[in-house]
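Visitor: Please take me through one part of this model in close detail. Set it in its wider context before you zoom in.

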Amino acid sequence: MILSEEQKAEIAAHTRRYNELKAAGQEHAPRALPAPTARDAAPIDADTVIHRETIPSGWYWTTRLNRGDTLRIVNTSGTSAVSLLAWNSADTTERLNHADTIKVQWAARLQKGRVLLSDMGRALLGITEDSSAAHDAVVGGSTAATNLARYGEGNFRNTRDNFILAAAKLGLDRRDVHPCVSFFAPVAIDADGKFVWSEQRRQKGDFVDLRAEMGLLIALSNCPHPLDPAKTFPQASVEIVRYRAAAPAADDLCRTATAEAVRAYQNNALYLGEALEGAVR
């Protein structure tokens with residue numbers, strides 16, 4: 001697509017305005033986000049483990065999380081990508097909103113301290129530990145078409161179809177399948193606005209911990225990301241550990257890292273009948 005000078009000027013003006021607003025928002029961020037968690041750090045106390053499972057290559061998995069449960073996803077091979085959808089278990093019309101997760105927190109980078117937001121402005125999941133910070137909240141999961149383009153003819157499972165099956169298992173429908181986020185998908189955007197895949201940022205043993213901030217229905221899909229340049233469909237499983245996390249402290253990173261996160265948790269408190277002073281109404 002060839003842009004006119006007028007279109008280029010309009011894009012530049014929007015970019016400048018976005019950067020101005022982003023700088024203003026981040027200027028008031030209460031806390032800076034830390035470096036990724038070391039892979040040998042954050043061990044899980046065996047007494048807190050509720051369930052362990054392996055998701056084979058190409059397959060999906062569903063679960064219900066209670067508020068305070070944490071889900072650890074482990075990239076055991078270093079070649080997997082795991083896509084996620086989430087719904088409020090009490091009202092499934094409230095669901096993960098990947099666009100708000102990005103724009104409200106002024107960052108497309110998912111990492112320790114970030115929050116996955118719903119379309120109601122509430123916190124669904126907090127990223128409490130993360131050894132990777134190489135995740136995708138922009139491109140989305142694979143489809144039959146992207147698999148055909150990458151691997152050619154063959155019986156290759158894909159994330160879109162997996163999520164349709166997962167939704168049915170949870171009592172939902174095709175219409176409930178919304179845009180996802182994908183973990184262990186090292187997607188970046190270069191200076192020209194093009195997507196770049198950085199394989200060196202994805203390592204064997206990487207993990208991410210997701211703490212449920214309300215009762216949730218969760219669907220995961222272990223399928224290659226559509227931008228993964230590998231020419232063969234990977235045969236790589238991932239490990240899932242569901243465990244009961246300690247109650248968040250007053251200075252919990254997810255709840256206090258940004259002004260926007262503070263507002264999201266205030267909205268949660270109101271929704272759950274735990275109103276906080278200064279909550280957004």
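Guide: Buried residues, those under 20% relative accessible area with a 1.4 Å probe and protein chains only, make up 48% of the 281 residues in the protein. This is a predicted model: local features need pLDDT of at least 70, side-chain atom pairs count only at pLDDT 80 or more, and totals for chains, interfaces and linings use all residues. Residues are numbered from 1 along each chain as its sequence is written, and side-chain values use heavy atoms, leaving out hydrogens and water.

The secondary structure comes to six helices and twelve strands. These are DSSP runs numbered from the N terminus: H or I of at least four residues for helices, E of at least two for strands. The radius of gyration, taken over C-alpha atoms, is 19 Å, close to the 19 Å from the globule rule (2.2 Å times the number of residues to the power 0.38), so the protein is as compact as a globular protein of its length. Of the contacts (heavy atoms within 4.5 Å) with a separation of 6 or more, 79% join residues 24 or more positions apart.

Now the close look: helix 6. It covers residues 259-271, 13 residues in total. From first C-alpha to last it reaches 19 Å, close to the expected 18 Å, where the expectation is 1.5 Å times one less than the number of residues. Its buried residues are Glu 260, Ala 261, Ala 264, Tyr 265, Gln 266, Asn 267, Asn 268 and Ala 269. Just after helix 6, Gly 273 takes a positive phi of about 75°.

Note on methods: Buried means under 20% relative accessible area, exposed over 50%, partly exposed in between (1.4 Å probe, protein chains only).
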